[in-house]
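Here is a short report on one protein chain.

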Amino acid sequence: MKKWIKILLFSLLGILLILSVFAGYFYYKFEKAYDTTDKPYKNYIGYIDQEKALLNNVYKLCDDGDIYHTYSGAGLDAYANTKRQFRKNLAASYLGDTFNDSGYLNFRFLVNCEGNPGWFEIIQMNLDLEEKELNTKMVDSLLNFTAMPQNWNALEFQEDSSNYYMYVSYRIENGKVVEIIP
């Protein structure tokens, strides 16, 4: 009889120990692993601070601000009609002849569930990928074009329209846009 009680107690202790390990693992995985309170980088890669971004007060994000498609997820589907049409619209509205700067002009931004862009961050570089300020009027002109809602689609995530990240990089040579990435 004593042997049976010992076996039962050790079995219960073993089960309790296994359950404690699982509970500790899930607590860490879902509570502590993503706590960034004391970390040097408080946000995820690609985060856009919506308070500091340009054109952050023109539109509202849908679904409590949840953002789904990441940069590679939205890609070419984000362009209204096609990327070819985007290039044509740019050629019709952008007057690169008045500028002589060369470099990369990168726009990182959000598009809400209605296809309205906003929350822009701008990164300016020379052709050697070193940060460099480009002509302000040229930057403003390309920002105004990129921020036009007719250039962007509303994208779906799990059959619902959703907010998404997008980026557009313009390669500029002597004021003319020679390449649009992606």
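Contact here means heavy atoms within 4.5 Å. On that basis, residues 24 or more positions apart account for 73% of the contacts in the chain with a separation of 6 or more. The model is predicted: local features need pLDDT of at least 70, side-chain atom pairs count only at pLDDT 80 or more, and totals for chains, interfaces and linings use all residues. Numbering starts from 1 along each chain as its sequence is written, and side-chain values use heavy atoms, with hydrogens and water left out.

**Overall fold**

The chain has four helices and six strands. Both are DSSP runs, numbered from the N terminus: helices are H or I with at least four residues, strands are E with at least two. From the N terminus the order is α-β-α-α-β-β-α-β-β-β.

Of the 182 residues, 34% count as buried. Buried means under 20% relative accessible area, exposed over 50%, and partly exposed in between (1.4 Å probe, protein chains only). The accessible surface is about 12,300 Å². Carbon and sulfur atoms hold 55% of that surface. Areas come from the Shrake-Rupley method with a 1.4 Å probe; for residues, only the protein chains shown count as cover.

**The disulfide**

A search of the whole structure finds one disulfide, defined as a pair of cysteine sulfur atoms within 2.5 Å. Which residues does the disulfide join? Cys-62 is bonded to Cys-113, with S to S at 1.9 Å. The pair ties together parts 51 residues apart in sequence, because Cys-62 lies in the loop between helix H1 (2-32) and strand E1 (67-69), and Cys-113 in the loop between strand E2 (103-111) and strand E3 (117-125). The torsion about the S-S bond is about -65°, so the disulfide is left-handed.

| Cysteine | Relative accessible area | State |
|---|---|---|
| Cys-62 | 14% | buried |
| Cys-113 | 14% | buried |

**Helix H4**

H4 spans residues 136-146. Its buried residues are Met-138, Val-139, Leu-142, Leu-143, Phe-145 and Thr-146. Seen down the helix axis, they fall within an arc of 165° and so line one face of H4. The arc is taken from the directions from the helix axis to the C-beta atoms. An α-helix has 3.6 residues a turn, so residues three or four places apart point the same way.

What do the buried residues of H4 pack against? Their partners are helix H3 (83-93), E2, E3, strand E5 (160-173) and strand E6 (176-181). On the other side of H4, Thr-136, Lys-137 and Asn-144 are exposed.

Asn-135 caps the N-terminal end of H4. A side-chain oxygen of Asn-135 lies 2.8 Å from the backbone nitrogen of Lys-137.

Technical notes: A polar contact is a pair of N or O atoms within 3.5 Å; within protein, one must be able to donate a hydrogen and the other to accept it, and residues adjacent in sequence count only if both atoms are side-chain atoms.
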